[in-house]
Amino acid sequence: MPDAALVLRPSACPGLLRIVAARDGGICRIKLPGGELSALQAAVIAEVSELHAAGVVELTNRANLQVRGVRSGHETALIAMLVDAGLGPIPEAGAVDASGVLLATSADISDTSRFDAADASNTRSTTAQQAPGSISASAADDVRNVMVSPTAGRDPFALFDTRLLCVELLALLQSEARFAALSPKFALLLDGGERLARLDHPHDVWLAATQAEDGVRFVFGLAGCPPAKANANADADADAGALAAVLPSQVIELVRALLHTFLDLAAPDATRMRHLLATHPLDALLQHAQTYVDFPLSRDTSLANWQRPTPADAALRLGAHAQRVVGMLHVGGQPPLGRLSAATLRSLATLAQQHGNGTLRMTPWQSVLLPDIAADAAPAVLAEMNALGLACDPAQPITHLIACAGSTGCAKSLADTKADALLLADRLPDGVDVHLSGCPRSCAAAHCAPYTLLAAAPGIYDLYRRDSQPGFGSCVAHQLTIEQAADMLDPLAHPARSPSDA
Ligand code: SF4
């Protein structure tokens with residue numbers, strides 16, 4: 001059988017060590033373990049973006065950050081500062097410090113000096129030269145894709161604190177040279193059962209905590225999302241239940257087995273788990289994975305209709321909400337369309353130091369959350385976030401809009417999606433979520449939004465509504481201006497309010 005691990009897969013995705021050119025300069029993506037970074041690291045990112053880029057930092061839909069507008073000739077200095085701040089991949093297999101913080105210094109990242117921002121296609125060129133068992137820094141950076149709730153460890157509804165498991169999974173992904181063959185988009189979801197959880201992004205492997213009679217188990221599935229009653233995503237196999245359940249202590253070995261199974265069986269052009277599922281029955285994959293673990297692994301038919309018992313509520317990312325420890329809150333806000341100035345990021349870092357625990361959490365809704373704020377300090381923190389221009393109330397229309405870089409940042413875009421989204425914010429009907437995309441690639445959304453405006457020309461869009469169709473759903477209108485789109489969205493989203501029903 002073909003072994004995908006033998007095939008080096010080039011990628012055009014930005015990374016910390018691979019700055020990809022865009023219309024407004026280079027993009028450097030900084031992957032954050034569990035979406036978390038320290039206030040000191042945030043301050044370094046702010047400084048880096050001012051010194052070596054355009055002073056703009058973007059939040060991504062995978063709870064990472066990216067520096068935009070990296071200036072030509074500044075790449076090596078920018079990368080060195082970020083790596084020295086501990087924002088790089090693990091330099092050696094499994095290297096984490098006692099508190100679980102990933103360790104890296106610029107001296108550890110041996111291939112930084114060989115970095116070539118202009119050539120995204122050479123990204124795996126060092127992989128083949130690695131010593132057996134080691135993984136290149138570039139590949140280690142690419143594979144560290146594990147999503148957890150921004151309130152992991154603090155959510156009063158959670159069944160399991162996933163933070164340590166997340167660190168262990170990240171170490172696993174960076175520990176074996178073979179995993180360098182995984183696509184930079186290959187991603188894992190670890191769901192502890194929190195109320196604040198993004199469940200509509202399909203993941204190659206998902207695991208979700210569930211309460212059994214004798215303790216917590218993790219159920220899992222492939223190429224989809226944990227099924228949940230409130231999780232209506234037409235893209236995801238939301239009603240597929242779970243395949244089986246394992247003990248929390250078996251999660252790492254299970255994931256290792258599933259990764260090896262993917263690499264053993266996937267054809268060279270199969271980059272995601274859904275591609276493997278298209279050619280191999282689920283039971284055959286589990287049988288293959290069984291050879292890598294010493295606990296029983298087969299499909300549990302009693303989980304065929306499993307659903308996540310706790311409904312997720314994305315609105316909890318905004319405003320102040322109680323944590324597990326009485327008297328402590330997390331406070332969150334969303335910068336307009338996911339962009340922060342360096343000055344705003346620095347101010348948020350200062351807030352985290354003054355009133356929180358000195359850390360910030362990025363969320364997959366492109367928002368920021370400050371954990372561990374004392375209840376009596378929360379109003380002041382909220383006021384300061386509002387003053388910084390962050391939306392902290394889900395009633396604010398801007399919290400319902402996402403847009404890709406658009407024509408000011410991306411040569412593929414047919415419209416200035418960011419500017420048009422701001423126009424739409426002034427006219428957006430209540431509670432309607434809209435995604436503006438400059439082309440079908442959908443960089444801003446890993447999920448299918450309820451409504452998508454796909455650019456057709458400057459200021460002109462086709463409107464799609466999510467349904468069972470793949471991609472953005474079904475096109476309901478062509479060639480709309482932003483004003484016309486706003487007028488159409490209201491009756492589409494709220495048919496009971498339309499004049500014909502009056
Ligand atoms: S969705 Fe298309 S136009 Fe928008 S940033 Fe991505 S590639 Fe560019």
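Ser-442 is buried, with a relative accessible area of 15%. In this predicted model, Ser-442 sits in the loop between strand S17 (434–437) and strand S18 (451–457). Its phi is near 60°, a positive value in a residue other than glycine. Most residues other than glycine have a negative phi.

Ser-442 also belongs to the surroundings of the ligand.

Ser-413 is found in the loop between strand S16 (401–403) and helix H10 (417–425). Ser-413 is buried, at 9% relative accessible area. Leaving aside neighbours within four places in sequence, Ser-413 is in contact with Gly-406, Ser-407 and Gly-438.

**Loop residues away from the ligand list**

Ala-63 also has a positive phi, of about 60°, although it is not a glycine. Ala-63 lies in the loop between strand S4 (56–59) and strand S5 (65–70). Its relative accessible area is 6%, so Ala-63 counts as buried.

Which residues does Pro-364 contact, leaving aside its neighbours within four places in sequence? Ala-63 is one of them. Pro-364 lies in the loop between strand S14 (359–362) and strand S15 (368–374). With a relative accessible area of 3%, Pro-364 is buried. Pro-364 and Leu-59 are 305 residues apart along the chain, yet their C-alpha atoms are separated by 8.2 Å.

Ala-315 is placed in the loop between helix H7 (282–290) and strand S11 (319–322). Is Ala-315 buried or partly exposed? Ala-315 is partly exposed, with a relative accessible area of 26%. Not counting residues up to four places away in sequence, Ala-315 touches His-321 and Pro-394. Ala-315 and Ala-395 are 80 residues apart in sequence, and 9.4 Å apart in space, C-alpha to C-alpha.

| Residue | Loop | Relative accessible area |
|---|---|---|
| Ser-442 | S17 to S18 | 15% |
| Ser-413 | S16 to H10 | 9% |
| Ala-63 | S4 to S5 | 6% |
| Pro-364 | S14 to S15 | 3% |
| Ala-315 | H7 to S11 | 26% |

**Aromatic pairs**

The count comes to four aromatic pairs. In one of them, the rings of Phe-160 and Phe-218 have their centres 5.2 Å apart. Their planes stand at 85°, so this pair is edge-to-face. Phe-160 lies in the loop between strand S6 (146–147) and helix H4 (163–173), and Phe-218 in strand S9 (residues 215–224). The pair therefore ties together parts that are 58 residues apart in sequence. Phe-160 counts as partly exposed, at 24% relative accessibility. Phe-218, at 0%, counts as buried.

Phe-186 and Phe-262 form another aromatic pair. This pair is tilted, at 5.0 Å centre to centre with 55° between the planes. Phe-186 lies in the loop between H4 and strand S7 (188–191), and Phe-262 in helix H5 (residues 251–265), so the pair ties together parts that are 76 residues apart in sequence. Phe-186 and Phe-262 are buried.

**Charged and polar side chains**

Glu-176 is found in the loop between H4 and S7. That loop also holds Phe-186. Is Glu-176 buried or exposed? Glu-176 is buried, with a relative accessible area of 19%, because buried means under 20%. What does the side chain of Glu-176 contact? It makes a polar contact with the side chain of His-260, at 2.9 Å.

Arg-195 meets an aromatic ring instead. Arg-195 lies over the face of Phe-157, at 5.0 Å from the ring centre.

**The chain as a whole**

The chain has 11 helices and 20 strands. Of its 502 residues, buried residues make up 57%. Contacts between residues at least 6 apart in sequence were also sorted by separation. Among these, 65% join residues at least 24 apart.

Technical notes: Residues are numbered from 1 along each chain as its sequence is written. This is a predicted model: local features need pLDDT of at least 70, side-chain atom pairs count only at pLDDT 80 or more; totals for chains, interfaces and linings use all residues. Side-chain values use heavy atoms; hydrogens and water are left out. A residue is near a molecule or strand if one of its heavy atoms lies within 4 Å of it. Rings of Phe, Tyr and Trp (its six-membered ring) pair if their centres lie within 6.5 Å; planes under 30 degrees apart count as stacked, over 60 as edge-to-face and the rest as tilted. Helices (H or I, at least four residues) and strands (E, at least two) are DSSP runs, numbered from the N terminus. Buried means under 20% relative accessible area, exposed over 50%, partly exposed in between (1.4 Å probe, protein chains only). A charge sits over a ring if NZ of Lys or CZ of Arg is within 6 Å of the ring centre and within 35 degrees of the ring normal. A polar contact is a pair of N or O atoms within 3.5 Å; within protein, one must be able to donate a hydrogen and the other to accept it, and residues adjacent in sequence count only if both atoms are side-chain atoms. Contact means heavy atoms within 4.5 Å.
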